[in-house]
Amino acid sequence: MGCKERMYRIAYSYVKNQQDALEIVSEASYKAFLSYKKLESLDYVETWIARIVINCAIDHLRRKKKYTYIEDSQHSLTSADSNISLEEKMDLYEALEVLKPEERSFIILKFFEDQRFKDIAEVLSLSENTVKSKFYRILNKLKLQLTKKEG
C-alpha cells in the first residue's frame with residue numbers, strides 16, 4: 001500500500017470527511033516538503049510524514065472545534081486486509097468520538113494502520129513502554145464508555 005493512501009486513511013480517521021482529509025494530506029505534504037532537510041534518515045520518512053499528518057489533523061480539529069459524522073464514501077476506512085465488519089467499523093468510529101484527538105492517534109495507528117507498538121512509539125516520539133501503557137489506558141476508557149452506553 002502506498003504512503004499516500006496510508007496518510008489519507010490516517011487523516012480520514014480523524015475528520016471522517018473526504019474533503020477535510022484531502023486538505024490535511026495536502027497541508028502535511030506541504031509542511032513535509034518545507035522541512036524535508038530536517039529529516040535525518042530516509043529510513044524514517046513514513047513515520048515522520050505520519051506524525052506530520054497526525055499533527056495537521058489535530059490542528060484541523062482544534063480549528064473547527066466540532067466533529068463531523070462519517071459520510072458515505074467508497075473509500076476504505078481501514079487497511080485493505082482487515083477482517084473487521086462494517087458494523088464493527090461504525091462502532092469503532094463512534095467510540096473514537098469520546099477520545100481526545102491525541103488519544104485517537106494510539107487507536108488509529110494500532111487498529112486502523114495495524115502498527116506495532118514499536119512503530120507507534122516512533123511516530124509519536126514516545127518510548128514503547130509509554131505507548132503500551134497509554135494505549136491500554138485509552139482502551140479501558142473506551143470500554144468504560146461502551147459499558148455506560150449499553151447500560
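**Close-up 1. Helix α1, end to end.** α1 spans 19 Å from its first C-alpha to its last over 13 residues, close to the 18 Å expected at 1.5 Å a residue (1.5 Å times one less than the number of residues). Helices here are DSSP runs of H or I, at least four residues, numbered from the N terminus. The model is predicted: local features need pLDDT of at least 70, side-chain atom pairs count only at pLDDT 80 or more, and totals for chains, interfaces and linings use all residues. Residues are numbered from 1 along each chain as its sequence is written, and side-chain values use heavy atoms, leaving out hydrogens and water. Lys 16 follows α1 with a positive phi, near 55°.

**Close-up 2. Burial along α1.** α1 is mostly covered, with 10 of its 13 residues buried (under 20% relative accessible area, 1.4 Å probe, protein chains only). Among them are Arg 6, Met 7, Tyr 8 and Val 15.

**Close-up 3. α1 against α5.** The axes of α1 (residues 3-15) and α5 (residues 101-112) come within 10 Å and cross at roughly 135°. Axes are lines fitted to C-alpha atoms over the stretch in contact, and angles run from 0 to 180 degrees between N-to-C directions. From α1, Arg 9, Ile 10, Ser 13 and Tyr 14 make the contact (heavy atoms within 4.5 Å). α5 supplies Pro 101, Arg 104, Ser 105, Ile 108, Leu 109 and Phe 112.

**Close-up 4. Thr 47 in helix α3.** Thr 47 sits in α3 (residues 45-64). Its relative accessibility is 15%, so Thr 47 counts as buried. Neighbours within four places in sequence aside, Thr 47 is in contact with Glu 122 and Val 123.

Note on methods
Helices (H or I, at least four residues) and strands (E, at least two) are DSSP runs, numbered from the N terminus. Buried means under 20% relative accessible area, exposed over 50%, partly exposed in between (1.4 Å probe, protein chains only).
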